Amino acid sequence: MPEKGLPLRITLLGIASQYVHSSLAPWCLQAGLKAYAALPHEALVVEGTVNEPPEGLKNRVISTAPDLLGISCTIWNIRTISGLLPPLRAALPDCVIVLGGPEVSFCAEETLCALPEADYVISGEGELPFARLADALGGIGRLKEVPGLYFREDGRIRANPPMDQSGEWPSPVGPGYLQALNGRIAYIETSRGCPFSCAFCLSGRGDRPRACSLDRACEEILLLANSGTQTVKFVDRTFNADRERAKVLLRFIAGEAGKGIPGSVVFHFEIAGDLLDEETLDIISFSPPGLFRFEIGLQSMDETTLRRVRRRTDMKRLTDMTGRLIACGRARVHLDLIAGLPGETLHMFLRGFDEAFLLRPHELQLGFLKLLHGSAMREEPETYPCAFDPLPPYEVKSTPFMSEGDMSDLHIIEHALDKLYNSGRFIGTLKYLTGDAGIRPSELFFLLGEAIQTEEEGRGPLSLDALTNLIYARLAERLPGEAGLLRDLMLTDRLASTKTSVLPAALKQEGTGLHEARQILFRLFPRTAGVPRGVGLLSEQGGSKAVFCDYVQKDPVTGLYPVNSADLPL
Ligand code: SF4
């Protein structure tokens, strides 16, 4: 540690789940040091991922030789951090190590007991407390004045009172963050907190939600959109909690798209479907296709279940407005469901799953409840009894309403849903099966999920061709009278979703001349030189009808290539 009154060398470590996700937290702390610290500390950001070799990450931190190391902790990186702390402590014996972030904020005492290498935990927002801590360690101010600080004293763990969270927080969007993005997903935070207080979530636990000024939000949007990224993701917990504000920002982005904002950049928001209104739908309907992506947490389609987790939802409005948002076709929509909520049985969940699927979102995520430190569901076990994994991410294993067997059936559905639907690979086929063919989505995904699980057992994930052959065989067995139609639908899906020059066995038409068809199509529909084309023959009309796809540009909303069909003069 330097002498009193001297600035510190500080390293801020952020560990993301994947390289493509940048870490915002260390940049927020760096901005906090600039805004609040009395001493001119030198703060470096080190970013890593949970997938990189820990040795490399450790060496990168050690090479910065910090006096103070701040680490941002989440459920996704806490295991990596727990493993890194002992070697970091051994290599940096004089460095002060402080942990913060949502994973340790609500169990700070427990964290200091479990991780003796850490000197401090900061609970809650970190910008101001971290700056005060750095100053105190540099000899300016006292540790007792650092809000939300947990520390050891006389063999006990003590805590300073938390900070009153109000006003704007310093902007992390500076030259350092913009340069470090390097094309990765850019994060922006224009509001903090959430006006709701769902029992499984931490976002509504803080003080009243607050937002930064619209001018600042617009300035940051432009900076991030021009950083070289393809995606700007709002971390605002419920972006449209303040509808009027949300509309101003959506209008701003739509107005700047293709001008101040490069045409290829997309913007991702988490919103509440029942808070959508006509004006917001209008803004989206007239925006460039694919500019906006929305994630809507349905969580459950059962109002009683939602009430049990203290979630207020107008279900009729939610399904109506969400359905209209999807149907307008301008924005990609991702819906979330959570399995394992209190009072929800397997039967109830599957009914909700079917309803959610039939809204035809572009993606439907079947997630499993996680009991986060600090959530009401974790802190009130009598009200919310359930068995959960004691290790992060604390996934629920069973509840009084859903057995472990039920949960594993849902994992089978989840796996098939991701592979077949969320991947975009079999969209048209699944739409037919769950529409005109009248099969319940949950039944269908379970049927196909079991087949996938059996095939993958012992040999790992199937190739796309093997998966296609398997799915076709299973569907043809289930609907033998429709084998030809199913092949045609799967063929069209294949061409639309994947650049294909050679078709898998199940999608080839036996005894017909694909080569000849290809030649005819080239004469009838000349393609641009260098553009690959996928061709297949449909079963209908005895193989005299073809489908083909020129792989030029995907639809910005669906992510699929347009497929054409043509009668062949064979
Ligand atoms: S789940 Fe969503 S709406 Fe509920 S408190 Fe969390 S962020 Fe807010």
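These legends describe close-up views of one predicted model. Residues are numbered from 1 along each chain as its sequence is written, and side-chain values use heavy atoms, with hydrogens and water left out. In this predicted model, local features need pLDDT of at least 70 and side-chain atom pairs count only at pLDDT 80 or more, while totals for chains, interfaces and linings use all residues.

**View 1. The second largest pocket.** This pocket has a volume of about 460 Å³. A pocket is an open set of points on a 1 Å grid over the protein atoms alone, where a 1.4 Å probe fits, with protein on both sides within 12 Å along at least five of seven lines. Grid points are joined across faces, edges and corners, and the volume is the space filled by probe spheres set on the points. Lining residues have an atom within 4 Å of a point. There are 20 of them, and Arg-332, His-362, Ile-427, Thr-558 and Leu-560 are the closest to the pocket centre. Helix H15 (404-422), helix H16 (427-434) and helix H19 (483-497) each give two or more residues to the lining. Helices (H or I, at least four residues) and strands (E, at least two) are DSSP runs, numbered from the N terminus. By class, the lining has seven nonpolar, eight polar and five charged residues. Ala, Val, Leu, Ile, Met, Phe, Trp, Tyr, Cys and Pro count as nonpolar, Asp, Glu, Lys and Arg as charged, and the others, Gly among them, as polar.

**View 2. The shell around the ligand.** Cys-194, Phe-196, Cys-198, Phe-200, Cys-201, Ser-203, Arg-237, Thr-238 and Arg-311 surround the ligand. A residue belongs here if one of its heavy atoms lies within 4 Å of the molecule. The shell divides into five nonpolar, two polar and two charged residues.

**View 3. Helix H13.** This helix covers residues 346-358 and has 13 residues. From first C-alpha to last it reaches 18 Å, close to the 18 Å expected at 1.5 Å a residue. The expected span is 1.5 Å times one less than the number of residues. Buried residues in H13 include Leu-346, Phe-349, Phe-353 and Phe-357. Buried means under 20% relative accessible area, exposed over 50%, and partly exposed in between (1.4 Å probe, protein chains only). Arg-360 follows H13 and has a positive phi, near 60°.

**View 4. Two cysteines without a disulfide.** The structure holds zero disulfides, a disulfide being a pair of cysteine sulfur atoms within 2.5 Å. For Cys-28, the closest cysteine sulfur is in Cys-212, 11 Å away and too far for a bond. Cys-28 is buried, at 7% relative accessibility. For Cys-107, the closest cysteine sulfur is in Cys-73, 9.2 Å away and also too far for a bond. Cys-107 is buried, at 8%.

**View 5. Backbone exceptions in loops.** Most residues other than glycine have a negative phi, and most peptide bonds are trans. Ala-65 has a positive phi of about 45°. Ala-65 sits in the loop between helix H2 (54-63) and strand S3 (68-72), and is partly exposed at 42%. Asp-154 has a positive phi near 50°. Its loop runs between strand S6 (149-153) and strand S7 (156-159), and Asp-154 is exposed at 67%. The peptide bond from Pro-392 to Pro-393 is cis, with omega near 10°. Pro-393 lies in the loop between strand S16 (387-388) and strand S17 (396-398).
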